[in-house]
Amino acid sequence: MADAITPRGPKPRRRFSRANVMLYGTLIVIAAYYALPLYVMIVTSLKGMPEIRIGNIFAPPVEVTYQPWVKAWSEACTGINCEGLSRGFWNSVQILIPSVILSIAIASVNGYALANWKFKGSEVFFTILIVGAFIPYQVMLYPLVIILRELGLYGSIWGLVLVHTVFGMPILTLLFRNYFTSVPEELFKAARVDGAGFWGIYFRIMLPMSLPIFVVAIILQVTGIWNDFLFGVIYTKPADYPMTVQLNNIVNSVQGVKEYNVNMAATLLTGLVPLIIYFASGKLFVRGIAAGAVKG
Amino acid sequence: MSSSQSSSRKPSGLFRNLSAKIASVPMVLTALVVFVGGTAWTVLYSFTSSKLLPKLNFVGLDQYERLWGTRRWLISIENLAVYGFFSMIFTLVIGFTLAALLDRKIRGENVFRTIFLYPFALSFVVTGLAWQWILNPDLGVQNVVRSLGWESFTFNPLNDPDIVIYGILIAGLWQGTGLIMVIMLAGLRGIDEDIWKAARVDGIGTVKTYLRVIIPMMRPVFVTALVLIASGIIKIYDLVVAQTNGGPGIASEVPAKYVINYMFRAQNLGQGFAASTMMLVSVIIILIPWAYLEFGGKKRG
Amino acid sequence: MRKFSKLMASAALCTASMAHAGELEVTHWWTSGGEAAAVAEFAEAFDATGNTWVDGAIAGSGGTARPIIISRILGGDPMGATQLNHGRQAEELIEAGLMTDLTELAEAEGWKDLVNPSSLLDACTFEGRIYCVPVNIHSAQWIWLSHGAFEKAGLPVPANWNEFVAAAPKLEEAGITPLAMGQQGWQQNLAFGTLTLAIAGVDAWRKVSVERDVDTAKGPEYAAVFEAVAKARELARDSNVQDWNLATNLVITDQAGGQIMGDWAQGEFQMAGQVAGEDYTCLPGLGVNEILDTGGDAFYFPVIDDEATKEAQMALASTLIAPETQVAFNLKKGSLPVRGDIDLSAANDCMQKGLNILAAGNVLPSGDMNLTADTQTQIEDLMAEFWTSDMSAADGQARYADIIASAE
């Protein structure tokens, strides 16, 4: 798998051939289009409101101000709490860590069982899971409220963790199943001959060699759970609300003048955790996807 | 996604494979209790006149009759079809094209790939807000082009009922193509270099090689990509809410928004459940035959 | 697996011991500057009684907050108190026995004699028992006019809707959009409702909205209403903003002649430093029919089986309606108090107009109290479509009549 990320396409011939200029030209134009919104958000978040009203959204700030960032982080009000996003940040972390761990732990074991220890009906359950990936979450709100109430988990962080585990399961299970299917069968057989059982093989053989797919799963889950608004607001209490809820409150204030600069700063702050993860681990992500998502 | 290796481990008896069965309990519970149970619950209550609280007072097909006689639902379906069609095609084409461009041993691949992928790290709410801001006629693109001297330039999709769905499409593609590009790229990297050599020996052009040889070889990659894109399209909600909130008027409404709106704002649970049942039915019609072929149909002895 | 079930068990224990004495979590969707300042008055007054207000604000209007509120109540872990629009919204929750009966407190404090108009308390009453505390009155039937815009066009500020329509061509000549209108269903529906009262009159309105009389909905009075809405649609052609406050901003900056919007719009004018009567004029009932509805907000108290919490709930209910809290809250919120017995001399020109109409008893029950949310949503969808398409007035009226015919 180590060479999975070296390019396989035909080699471009010379450095400055016309085709090369075209290739880089195209890439740069497209990259500009993709980078534009982030650029606009950053630039806007550094401007004062008067400049925003008269100015051009693409122009760099004439006078750089960090006030919107300070306000978004620690001063913006939600109802009568004026603590900005900072209150939600730690809540998000507290929700994120157990959710990511539990959802990945369960999905990886599922994928392993589906790939290597098929039993009667296992594929049926898997098919149901995949169909479940298409169900709009909102449809499940009330049934889940009832299920959580019956489990006595409603309103606690653990209820929310369970919800994230459930809704992360289809895609994650698919990823892990595909990955474990591609593990050479000889390895598995040899371990069986040595007398290793279900858990023995999982912990001693499968886990050590599945770093790339775990990276993908972690990236997907961190992004998904961090960006979640709906479950966070429905299945927890105000004291536990994640950062996205505060973001919604800041951005959706119904009355008053819209402070675009504070909105943009708040948006960027909320997006910071997943953004950093993507910027830092892009290469691992591609490698993991290559290993898991696309092997047939 | 075949799985030929596992053919030798044929189960027999309840206690064979016991650990695997125990380990699968969370999956089985999720599938049965949440997905099947929740869906059945929703379908059941779609035949009732439930208002604010779910109640079992059955009214037959009334909710469905009303649903299909409602302009807003029909517009939502139409928007989903338009958005789904273009989103599917453009995401695949752009995703594949970007991946192919990146796969040509270019310099700075990491930089380009990161730029194409980062939007995926942002939520739909953020995406919607950012693009609402860029497409704002008085502050965004239209204003900038006009101030450059082209006074009559008009680009105001978010306030024009006829094209608003394309304004949402622009934002949706921006957010989603990066992931598909990575998947395509991974697929391209999985193709043997000898194929390219053979194609070159035979004198087949680059574009032709992609179309005739490479793409057919990447079928499983396209299947994964399709599942991801399609599940995203059906669920489209946050993006619309953040970017246009269904407006102007009801021109950019989508089915998931209709469901939420009737469940919670209109307090007509029955109507919301009927609408979500229709969404589920369409998903199942498309998905079941495919899922059967992909996962369930390969019974081997 | 065993670990997991242990986790679940301990989590269940956690939830069971969450309620603290005297601490009350209050859910509401008042998150903007003026609204939050108003809520702070409630919180302060409640904390002064020795209890603690735990704020549970959710932005994004009732549409976002309602599923959260309902889920919490259904999930068996309700908040101590919650904002809900009064009227038929909470009926089912009351029927299911999920809301606390406030009748004893209401009788002890004599709410019946205090609350004006009495329709507010009626909306809180279900089968003779009282389940909510009304806290303010908002009315929708206002038009806000920009003095600057009419000056530019060389016209006097209109005194009613007909003069406004007559002045429109001149405004357009001067490059001003006559009518500012946010492109959202509820705003378009609000304008429709306001025009109905102004043009068809109260009697026709009552027949349709309260008695659901389809013939009136099909009749000439409503035909005139739909013609007027079609006219308003023309006047608002060039207004391409979405949010209501951005539409208000067009009026503030003299880019538009006027806006039909509820009394909460004056918060925007105040914030922009504008003075009623000098920079802008407000006309209740569009200057035609000076009558206001009495919508507003109310607080409900979900049933919680804990004596200390119950006491705190009663203390909050009593605080919300106390005279001092009413004055402090409503001055900040820009709404009118629910008590007829308090002095609001600090109120501005527009609020005084509202108070006078209230005192004269020219009030309607709000639509919230008549049509179900379901029917209102259907009308809202129709209006959203009507305003953004070329639907003829006759078609619009026919579809409106259909909705009224199927209303429960």
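Trainee: Before we begin, how are residues, chains and ligands numbered or lettered, and what pLDDT do local features need?
Mentor: Residues are numbered from 1 along each chain as its sequence is written, while chains are lettered from A and ligands numbered from 1 in the order in which they are written. Because this is a predicted model, side-chain atom pairs count only at pLDDT 80 or more, totals for chains, interfaces and linings use all residues, and local features need pLDDT of at least 70.

Trainee: Which element gives the largest share of the side of chain A that touches chain B?
Mentor: Two residues are in contact if their C-beta atoms, placed from the backbone, lie within 7 Å, and 85 residues of chain A are in contact with 91 residues of chain B. Helices (H or I, at least four residues) and strands (E, at least two) are DSSP runs numbered from the N terminus, and the elements giving two or more residues to this side of chain A include helix H1 (18–45), helix H4 (86–116) and helix H13 (260–292). The largest share, 15 residues, comes from H13(A).

Trainee: Which helix gives the most to the side of domain 1 of chain C that touches domain 2 of chain C?
Mentor: An automatic or database domain assignment supplies the bounds, dividing chain C into domain 1 (22–138 + 294–361) and domain 2 (142–293 + 371–406). Their centres, taken over C-alpha atoms, are separated by 29 Å, and the contact takes 14 residues from domain 1 of chain C and 14 residues from domain 2 of chain C. With five residues, the helix that gives the most to the domain 1 side is H18 (residues 349–359) of chain C.

Trainee: Is Tyr166(B) buried or exposed, or is it partly exposed?
Mentor: Tyr166(B) has its place in helix H8 (residues 164–189) of chain B. A residue is buried if 20 or more other C-beta atoms, placed from the backbone, lie within 10 Å of its own, exposed if 12 or fewer, and partly exposed in between. Since 15 other C-beta atoms lie within 10 Å of Tyr166(B), this residue is partly exposed.

Trainee: What is the radius of gyration of chain C?
Mentor: Chain C has 20 helices and 13 strands. The radius of gyration is taken over C-alpha atoms, and the globule rule is 2.2 Å times the number of residues to the power 0.38. That rule gives 22 Å for 408 residues, so chain C is as compact as a globular protein of that length, with a radius of gyration of 23 Å.
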